[in-house]
Amino acid sequence: MTTWREVEPADAVRLAPAGLALALLRGAILGAVTGGGLGILLLVRLVERPLFGLDRPLTPHITRAVCRAAFLILGMRYSVRGTPMRHRGAVVSNHVSWLDIFALNACQTVYFVAKSEVARWPFVGWLARATGTAFIARDPKAAKAQQALFEDRIRAGHKLLFFPEGTSTDGLRVLPFKSTLFAAFYTHGLDQIMQIQPVSVIYEAPDGRSDRFYGWWGDMDLASHLLKVLAQFRQGSVAVVFHDPVAVDALPSRKELARLCEDAVRESLGAALGARLQG
């Protein structure tokens with residue numbers, strides 16, 4: 001039986017000259033703003049790093065400004081509901097698209113946790129490193145070192161952002177949260193000092209487009225998906241919904257914590273999408 005991952009992506013790229021021109025214009029502006037922001041960030045970091053070490057009191061404001069500008073450039077509606085927590089801890093979210101990076105950075109100061117391969121991607125890897133992304137390898141031998149990294153960052157006040165589904169989706173479903181990612185929160189007393197905030201990222205497709213328009217998953221090509229979004233004249237929207245934070249020590253195990261966070265994200269997505277939400 002065919003699964004949702006195997007279905008041919010909807011809204012394939014078929015650009016008229018006007019759409020291609022719009023994509024090139026938006027792409028040029030977005031590239032200039034992102035590249036310029038990266039340059040400013042690196043210059044500020046030269047001062048910030050020796051003065052504050054792991055703490056980053058200045059550069060996250062540059063990241064947030066660039067990410068907010070991205071939605072203006074795209075012509076995409078962006079909204080936020082709820083409040084980012086101030087308590088020490090981590091953030092977990094569903095994962096739909098590369099657009100999530102802009103959406104989740106635009107309204108809060110967080111540091112993403114990404115697979116180590118991302119660090120080697122052209123330009124994206126440079127951005128990720130410059131903005132403080134924590135990279136993890138899919139190697140059991142590196143587990144202890146990665147756990148120590150998470151602990152150091154969390155104790156330094158960094159809010160790490162995880163995608164517990166382990167992959168991106170078409171935006172119409174929430175995959176089971178992998179509880180192994182929550183294990184680090186129960187080590188060396190971290191459960192006594194931190195909270196976890198579930199966050200839902202909810203996309204609404206442009207009128208006349210598939211509900212999966214903004215989803216980027218499986219073997220979908222990044223360049224083609226980027227071009228499709230840039231060329232869309234009338235865009236849809238994205239909403240970031242912050243749920244109530246959960247104290248880690250209020251749940252006895254990582255599995256129960258993962259399930260509680262997953263349920264909060266799934267319920268919010270279900271309320272927004274209604275009958276379109278799929279399991």
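**Exercise 1. Work out how the radius of gyration of the chain compares with that of a compact globule.**

Start with the rule: the radius of gyration is taken over C-alpha atoms, and the globule estimate is 2.2 Å times the number of residues to the power 0.38. For 279 residues, a compact globule would come out near 19 Å; the chain has 19 Å, so the two agree. Next, look at the extents: the C-alpha trace spans about 60 × 50 × 35 Å along its principal axes.

Before going on, keep in mind that this is a predicted model, where local features need pLDDT of at least 70 and side-chain atom pairs count only at pLDDT 80 or more, while totals for chains, interfaces and linings use all residues. Residues are numbered from 1 along each chain as its sequence is written, and side-chain values use heavy atoms, with hydrogens and water left out.

**Exercise 2. Find how many helices and strands the chain has, and what share of its residues is buried.**

Take helices (H or I, at least four residues) and strands (E, at least two) as DSSP runs, numbered from the N terminus. That gives seven helices and eight strands. Buried residues then make up 48% of the 279.

**Exercise 3. Classify the ring pairs Phe71 with Tyr78 and Phe162 with Phe185.**

First, the cut-offs: rings of Phe, Tyr and Trp (its six-membered ring) pair if their centres lie within 6.5 Å, and planes under 30 degrees apart are stacked, over 60 edge-to-face, the rest tilted. A search of the whole structure turns up eight such pairs. In one of them, Phe71 and Tyr78 sit 4.8 Å apart, centre to centre, with 15 degrees between the planes, which makes the pair stacked. Phe71 counts as buried because its relative accessibility is 4%, whereas Tyr78, at 25%, counts as partly exposed.

Now the other pair: the ring centres of Phe162 and Phe185 are 5.5 Å apart and their planes meet at 80 degrees, so this one is edge-to-face. This pair links distant parts of the chain, with Phe162 in strand E5 (residues 160-162) and Phe185, 23 residues apart from it, in the loop between E5 and strand E6 (195-204). Both Phe162 and Phe185 are buried. Finally, zoom out: Phe150, Phe162, Phe182 and Phe185 form one aromatic cluster.

**Exercise 4. Locate the rings that have Arg153 or Lys228 over them.**

Arg153 lies over the face of Tyr111, 5.3 Å from the ring centre. Lys228 has its charged end over the ring of Phe213, 4.5 Å from the centre.

Key: Buried means under 20% relative accessible area, exposed over 50%, partly exposed in between (1.4 Å probe, protein chains only). A charge sits over a ring if NZ of Lys or CZ of Arg is within 6 Å of the ring centre and within 35 degrees of the ring normal.
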